[in-house]
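User: I would like to go through the charge contacts of a model and ask for the rule behind each label.

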Amino acid sequence: MFNFMRLIHRSFSSSPNSALQTFLPISQLCSNGRLQEALLEMAMLGPEIGFHGYDALLNACLDKRALREGQRVHAHMIKTCYLPATYLRTRLLIFYGKCDCLEDARKVLDEMPEKNVVSWTAMISRYSQTGHSSEALSVFAEMMRSDGKPNEFTFATVFTSCIRASGLALGKQIHGLIVKWNYDSHIFVGSSLLDMYAKAGQIVEAREIFECLPERDVVSCTAIIAGYAQLGLDEEALEMFQRLQSEGMSPNYVTYASLLTALSGLALLDHGKQAHCHVLRRELPFYAVLQNSLIDMYSKCGNLSYARRLFDNMPERTAISWNAMLVGYSKHGLGREVLELFRLMRDEKRVKPDAVTLLAVLSGCSHGKMEDTGLSIFDGMVAGEYGIKPDTEHYGCIVDMLGRAGRIDEAFEFIKRMPSKPTAGVLGSLLGACRVHLSVDIGEYVGHRLIEIEPENAGNYVILSNLYASAGRWEDVNNVRAMMMQKAVTKEPGRSWIQHEQTLHYFHANDRTHPRREEVLAKMKEISIKMKQAGYVPDLSCVLYDVDEEQKEKMLLGHSEKLALTFGLIATGEGIPIRVFKNLRICVDCHNFAKIFSKVFEREVSLRDKNRFHQIVKGICSCRDYW
């Protein structure tokens, strides 16, 4: 409710003058920034102030976000029984919204005898901008019930609140309205519409809308690039960026932030450096969102030192900045650096840790072989030490931590004590650990539970099958594979890639598709001889098929990581580091191979799989063989 009556007695004095005589002084005082004098003039005028005086005062209060002064203007209207026109009521609504007094803004809207499209849109917009999505959609629905007709700005605004499943369903209905009323050709509406579909994961629909836009601006182009990047469709995001640049699009800082997200996923360090140079040359504003994307890109591409340099030089860090750096250290297995940075964050007391921060810290402890420290931090979360209660992801990280350390029974008991039912992600962490540490009994139980929960997830079948294969239970392996065929579940094929001369070179197991395949295979035979002379012994346990040892060794040499390393040796100059990336977890044999490869050929090797980095120098890996 409004609390103006205690201010009203300050709003008047005697000696009223005519509105015509005083209009210019109030207007001039407001335009000159002399708001307090203008308010004094308002008090002297009493009921004679009129429309123009109120308009000038409200605009001045809006510009300065002067809440108390704006309340005095509103109180003056009430005391003098002035009935403001719809325009002035809308200015009041906007004023309260900008001052984050949403209840007062909504009360102004509700008390308006007549509402126009600007009034409705202003309220919807403010709710959307402040994250009150359900309230924004409620106002839009009320607008439609009252026969108000939205315009292009209303539609563009309301789509930003159509989030989650319920919001998407309503968004599709609103989509029907804009087609019916021919607003689908408006660039603002189209951009918001495709952004809504992209954020909901409906990228096909978003792309269709994008292609049908009569014209495209940087907002719509950025929305489709961001949509691809957020869904992990990094190659599509990069291709779209390159296409739109060739069509003359001028990217802004948000476009580059989205592009850097895609480059992080592909680990394209050279492309990322080029994007960084473009940002510097064009003198784009270095807002936090762009700096955070650069930190994320450099850390995920293996250049942690430069990521930290950017982080240290930021004039103001957000929680996302700290989290990006913490995740970077965690992915490299640098647990001590994670804890040191977390300590610095808490000591500075400028930014509070959030749930993602604690997740990154626990992950760093997991990858850094510091499970006791991680458990202590988790206990602190439960006790309320950090102001953040652990959620399912934090519980999953503890399961991963214990499982990685081989403490399978503890992890299993920990899951049983969880306050809520374990999700597929939590059980999946335990199943992966059972596969690594050959805990068949627990792994078998967890694997079948996962198949019940996620019958379409091929990864669960594959890990369970691999667990059976490691134990030599080939009949069970065949049963799981038959189950996959019966349910038409297909596994994601493993692939590795390496960048050379601005081109990505992809390799699959026993690849026969690469243009230089014969050269790569011939070089591989030569390499394998030198590797064995240096002490490399193929780890045949990594072959999960019931074949003889000679066939197993041949299959190991055909792994995509080894083919990519071989190509890197052929394609790059002597002494140049070789960077290989893989979409799945690197196997133990390929990890051992890469260490000896680094020593024999005197190359620094960087391997990044879906979980973490392995920086190998002179046969020694940064993971210390704990991964």
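**Charges and their labels**

Analyst: Arg512, Arg517, Lys525 and Lys554 form a positive surface patch. The model is predicted, so local features need pLDDT of at least 70 and side-chain atom pairs count only at pLDDT 80 or more, while totals for chains, interfaces and linings use all residues. Residues are numbered from 1 along each chain as its sequence is written, and side-chain values use heavy atoms, with hydrogens and water left out.

User: Why is Arg517 called partly exposed?

Analyst: Buried means under 20% relative accessible area, exposed means over 50%, and partly exposed lies in between (1.4 Å probe, protein chains only). Arg517 has 32% relative accessibility, so it is partly exposed. Arg517 lies in helix 30 (residues 517–533); helices (H or I, at least four residues) and strands (E, at least two) are DSSP runs, numbered from the N terminus.

User: How do you know that Arg495 forms a salt bridge with Glu235?

Analyst: A salt bridge needs a side-chain nitrogen of Lys or Arg within 4 Å of a carboxyl oxygen of Asp or Glu. For Arg495 and Glu235 the closest N and O atoms are 3.0 Å apart, so the pair meets that rule. The pair links distant parts of the chain, with Arg495 in strand 1 (residues 495–500) and Glu235 in helix 15 (residues 234–246), 260 residues apart. By this rule the count comes to 33 salt bridges.

User: Which residue forms a salt bridge with Asp589, and why is Asp589 called buried?

Analyst: Lys562 is the partner, the closest N and O atoms being 2.7 Å apart. Asp589 has a relative accessible area of 0%, so it is buried. Lys562 is also at 0% and therefore counts as buried.

User: Is Lys595, the partner of Asp625, buried or exposed?

Analyst: Lys595 has a relative accessible area of 16%, so it is buried. Asp625, at 48%, counts as partly exposed. Their closest N and O atoms are 3.0 Å apart.

Technical notes:
Patch = residues over 30% accessible without salt bridge, like charges linked within 9 Å, V, L, I, M, F, W, Y side chains within 5 Å. Areas by Shrake-Rupley, 256 points an atom, 1.4 Å probe, with all protein chains shown as cover. Lys, Arg positive; Asp, Glu negative; His and termini not counted. Charge placed at Lys NZ, Arg CZ, Asp CG, Glu CD.
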